[in-house]
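Let's take a friendly walk through this structure.

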Amino acid sequence: MISPLVAVTGASGAVGGRVAARLARTGVPVRLLGRDPSRLPRLPGTAAAPPATYGDAEAMRRALDGAHTLFLVSAHESPDRVTEHTIAVDAALAAGVERVVYVSFLGAAPDATFTFARDHWYTEAHIRMTGVRHTFLRDGWYLAGIPAMTGADGVLRGPGGEGRVSAVSHDDIADSASAVLLDEGTTHDGATYDLTGPVAFTLAEAAGELSRRTGRAIRYVAETVEEAYASRAGYGAPDWEVAGWVTSYEAIAAGELATVSDAVLTLTGCPAQDLATFLQENPDSYSHLLPGSS
């Protein structure tokens, strides 16, 4: 029996690309979606859809025609992201898609401290309203983001206070998503899974782990909210984007990203990766912090 076609969005990205590769290895038919088909991975058993952006209803409908399941990776942050998601979901249903697996965010709520988490809640609400079969994967901060947000000066700074964050690896997200997508039954219908690491740690503890790994002093500077906005003012980013950066740390301080779930273990049969293991297995993630790297 031929398996139903799975459409994977964001297939040139860190999550979508990993999911596409995992599905391809199982022989499930996969259609890869992206803004630029030339950037999509070349994987056996997969086909690239015509170019489609979430905000283009007709292009999305054509790209999803014949697909049974849509793996929907959230769009790049923008003031119009909820509208883009809504258009993409409605186009999927118009194309005959019967199931949507959406990558949301931990603690998604209309009043979440992290402004981008609010977008995810409204997207979830729209998907629920359509009545389509759905599963929400609420991942937390990425483990890869910890070294990435640490400057070459060895400082991780932000208004995270002494709050904790249960950061998760891209691989654990992809493994969990693949497990859900490959289950053609109704087990996951209507489910929301918090995809987190095995522990929640403070940013000071993260800096300590980076220090052990790099052999140099890495420190966490707990900024005030005012200091955080000021220190990021020079990037030239729009106000809404800077607010997203700053409020992600504020959400940590508020305890909204400290949830620890066993969903990764439940879905994949393997425990979620912790920060120490991630750094050990991904030395490139902190190469900019090594002595003499600048």
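Helices (H or I, at least four residues) and strands (E, at least two) are taken here as DSSP runs and numbered from the N terminus. Please keep in mind that the model you are viewing is predicted.

## A glutamine in a loop

With that numbering in hand, look for the loop between α10 (263-268) and α11 (275-281), where you will find Gln273. Is Gln273 buried or exposed? Its relative accessible area is 15%, and buried means under 20%, so Gln273 counts as buried.

What surrounds Gln273? Apart from neighbours within four places in sequence, Gln273 is in contact with Leu143, Ser169, Asp172, Gly197, Pro198, Phe278 and Glu281. With Glu281 there is also a polar contact between the two side chains, at 2.8 Å.

## The sheet

Now turn to the open sheet, which is formed by 7 strands with parallel pairing. Their order is β3-β2-β1-β4-β5-β6-β9. The edges belong to β3 (46-48) and β9 (192-195); each has a single partner strand, so one side of each has no neighbour in the sheet. From one strand to the next, the twist averages 20°.

For a look at one pair, take β4 (residues 69-73) and β5 (residues 99-105), which pair in the parallel sense over 5 bridges. Here Val73 stands opposite Val103 in β5.

## A helix across the strands

Which strands does helix α1 lie across? Helix α1 (residues 14-26) lies across β1 (6-8), β2 (30-32), β3 and β4. Relative to β4, helix α1 runs at about 150°.

Technical notes:
Residues numbered from 1 in each chain as written. Predicted model: local features only at pLDDT ≥ 70, side-chain atom pairs only at ≥ 80, totals over all residues. Heavy atoms only, no water. Pairing = 2+ DSSP bridges. Axes fitted to C-alpha atoms, helices over the stretch in contact; angles between N-to-C directions. Contact = heavy atoms within 4.5 Å. Buried < 20%, exposed > 50% of the residue type's maximum accessible area, 1.4 Å probe, protein only. Polar contact = N/O pair within 3.5 Å; in protein donor to acceptor, adjacent residues only side chain to side chain.
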